[in-house]
Each structure stands twice: as C-alpha cells, then as structure tokens.
Amino acid sequence: MTADTDIMQAVPARARLFSLRGRLGRAHYIAYTLGSLVVAFFFIYLLSFGLMFLGELGRMLYILVSVLLFYGFLPIFFTLQTIKRAHDFNVGGWLALLLLVPVVNLMFCFIPGTRADNTYGPVPPAPSSGLKAGAILLPILLIAGFLATEGSRNSQQESTSASPPATSLKPYTP
C-alpha cells in the first residue's frame, strides 16, 4: 500500500466527498448528485418561508442564497463528483467538461467503471442497498415530478389562452 492509499482510508467518506482523488461508482454518483439537487431545492423552499417576513431584505437574501447555491456550489459539487466518476472508468478528469453537453452528460450514469484497481485508485466500495434504492428512486421521482408540473403548466396555459384579453387596447396594425 502507498502512503496516499493509507491517507485515503483514514479520511472519512464525507471528507472525501469534496476531493478530486479517488473513484466514484455509478450508484454513488447518481445518489450524490441528484440527492444534492433535492436537498438544495428543499433548503431553498424552507428558506423562502423563513425569509418571507423580512420583506424586501428577505427577497434580496433569498435571491442571493439561491444564486450562490445553484450557480456556485452545485456546479462545483457536480464537477467534483463527475471527475471522480470519470476516474472510475480510468479516464482523466477533463472528461467532466462533457457536463456542459446536453444528453451526452448522461453517459456518466451508464458507463460501468473498471472492475479492478486502476490508475486513479482502488475499486470503490460497493453501494449499500439503501444507496442503490436511492439511485433508482431519485431519477424516477424527479422525472415524475417534472412531468406532473409540466401537465399542470399546460392546463394553466390552455385556461388562460381561452379567456379574452384583459386590456382595452386596440391591436397594432401597420
């Protein structure tokens, strides 16, 4: 064993969550990235109720925290996890730039990792049954939630388009 391996085993798993070293299996990758997204939305939802009573200051703090979370912390967190996921199939972290390419970035969820030790470290630990269930249920719940809100949005657009315009202005005709 090398000194790096001894250090990695001594460091708790939560501390390694923000490290660029090591490998990350598919189930861990899906659970960590989608789980962090769910936690972030839930946090923002609760924060909105807490800041609601502060008026304009609360609105400004809500926007500031939302921007820092969704445009600062989460992209960095996703990139770190994706770099470790790329390490799992023995490819450099630069492949994480594919996060910027829609649909192609889904490959990180489907490409299996190498079964033996590779250049980037030993085989990641096998996921627990709870983590496997989370990795299966989170995408299903997020897609179902998206489809449910999309259906209600379409029905709202249909109901508003059927009503006459609320203005007395005449349309412009050149």
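Here is a quick tour of the salt bridges and a nonpolar surface patch in this predicted model.

Residue numbers start from 1 along each chain as its sequence is written. Local features need pLDDT of at least 70 and side-chain atom pairs count only at pLDDT 80 or more, while totals for chains, interfaces and linings use all residues, and side-chain values use heavy atoms, with hydrogens and water left out.

**Salt bridges**

A salt bridge here is a side-chain nitrogen of Lys or Arg within 4 Å of a carboxyl oxygen of Asp or Glu. The count comes to three:

| Pair | Closest N to O |
|---|---|
| Arg23 – Asp88 | 2.9 Å |

Arg23, Arg85 and Asp88 are joined into one network by shared partners. Arg23 and Asp88 are both buried, as is Arg85 (buried is under 20% relative accessible area, exposed over 50%, partly exposed in between, with a 1.4 Å probe and protein chains only). Glu56, by contrast, counts as exposed at 55%, and Arg59 as partly exposed at 49%.

**Surface patch**

Phe42, Tyr45, Leu46, Phe49, Met52 and Phe53 make a nonpolar surface patch of about 720 Å². Patch residues have over 30% relative accessible area and no salt bridge, with nonpolar side chains (Val, Leu, Ile, Met, Phe, Trp, Tyr) joined within 5 Å and like charges within 9 Å; the areas come from the Shrake-Rupley method with a 1.4 Å probe, and for residues only the protein chains shown count as cover. One of the patch members, Met52, is partly exposed at 47%.
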